[in-house]
Amino acid sequence: MSQQNSSSWDLGRFVKTLSYFGAIPFLSSVDWFQQWLGSRPDPKVDRSAISYGTSAKNATSFLTDPKLGNILVVGAAAALGQQVVQQLVDQGYRVRSLFTPTEEVPTPSQNQIEPVQADLASPEAISDVLKGVSAIICVNGPEYSLPRLIDAAADSLNRPGQLVFDFTNPTSDLKEVWGALDDVVMGGASQSSIRLDTDGAVFSGTVSTANSGGFVSVRTRNFEPPLDLSQAEGVELCVKGDGNRYKLLLRSESGWDSLAYSYSFDTIPDTQMLIRVPFSALIPVFRAKTVKDAQSFDSSRTYAFQLMLSKFEYDGALNPHFSPGPFQLQVKFIKTYKISELPQFILVSPVGASDAEAESRLRQSEVAYTIVKPSSLTDEAGGRSLLFTSDSLPENLDQQNKISREDVAAVCVQSLSHSQARNTTFLVTEAENNCASRDWDCLFSQLKPNP
């Protein structure tokens, strides 16, 4: 039977929808109205109040900050390791400090530090340690079974980005973030909802073309402050669909009816798929019409996510895989994927005490790496002029070459964010050169990738 062309319009659902997303501000602050709505009054998501737990025990947050990765520090008990941990925290990173079973594990002094104790001779221990890790800085060698760690990192670091939504871990916060936004806002009769359980989020309902409608969607309330996804190339979704073509929309403006950036993706019935959405491929749209002169998506200001099923593609063209009626899309997670040019494994291999096996294994792996070879380490204050060289140290420095642990730690931390450090091996020592102190762009520009 064909669908009817008209249907009654649900005014109550229209008002609920606008109020949920804060499009009717005065209603969003009325207590009795919010009780009827069955939702918290604040139409925004305050990220500053979210606890970013990283251990399994504390992993109750629905959201992690994609800009700040979990950095694993191997050798955290050493003096250099302690310097690395502190400088990472000072730069805003979350740190997982690794200790051997025989080392004393200190009580962390800051919330961003998660100490773990593990024997990396065990594959199971390595797997647990690497969960949620986006990069590794290793300052101690043989006692940590580095070849095993490097082999495991080749599989782990090349896959995960930073988790944005883990729908398999439904929390009360997460349930208050996503809400239905259907064509009722333009007089339509389609209905959708999002249901959360341990298998993921289920976006489902019925899409109808009655009353000139034809779309259903679920959208997040605005994030305040917006998410900073600028350290990623895009986002990935793990989905299981029904054969329909869906859209992911992101917003870099806080307005209710603002410009959106859209990406269409097809699904295969009852088949789990990983959908990769590059930010560069997002199409600027306003109410399904492309905006030709719009700027590219500003990933540093991501206010909202939205999933949509619509009979329209763009500019009036029809969605070729659209079918009115019941639909269902299951989503397990949404996460970022990292910019691939940046180093992910930083190995400190001192001159005169280098770990040749680990260096060789790292160069042969598929992990983006940096091998830092410092001269004699001291406990002096850092901030000195440094020399980076891919060759041997100049002869006039052979007898007096030295470098502070503070400066070596800074080199390691800075390597994480400099693409010119990728796949390089270099010696570093104190010496005058053409670069000013701590001019990292200048220092890293002198390096050349390993052949």
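## The disulfide

A disulfide is a pair of cysteine sulfur atoms within 2.5 Å. In this predicted model, the count by that rule comes to one disulfide. The bond joins C435 to C442, with an S to S distance of 1.9 Å. The torsion about the S-S bond of C435 and C442 is about -70°, so the disulfide is left-handed.

How exposed are the two partners? C435 is buried, at 5% relative accessible area. C442 is partly exposed, at 23% relative accessibility.

## Other cysteines

## The seven-stranded sheet

Seven strands form an open sheet with antiparallel pairing. Their order is β7-β10-β18-β13-β14-β16-β17. The edges are β7 (178-180) and β17 (289-290), and each of them pairs on one side only.

Inside the order, strand β14 (residues 260-266) runs antiparallel to strand β16 (residues 283-286). Three bridges join these two strands. Y261 has P284 in β16 as its bridge partner.

## Confidence

The chain averages a pLDDT of 82, and 80% of the residues score at least 70. Over residues 32-37 the pLDDT is below 50. That stretch has 14 contacts in the model beyond near neighbours in sequence.

Residues 48-68 also stay under 50 in pLDDT. For them the model has 53 contacts beyond four places in sequence.

Methods. Residues numbered from 1 in each chain as written. Predicted model: local features only at pLDDT ≥ 70, side-chain atom pairs only at ≥ 80, totals over all residues. Heavy atoms only, no water. pLDDT = per-residue confidence, 0-100. Contact = heavy atoms within 4.5 Å. Pairing = 2+ DSSP bridges. Helix = DSSP H or I, 4+ residues; strand = E, 2+ residues; numbered from the N terminus. Buried < 20%, exposed > 50% of the residue type's maximum accessible area, 1.4 Å probe, protein only.
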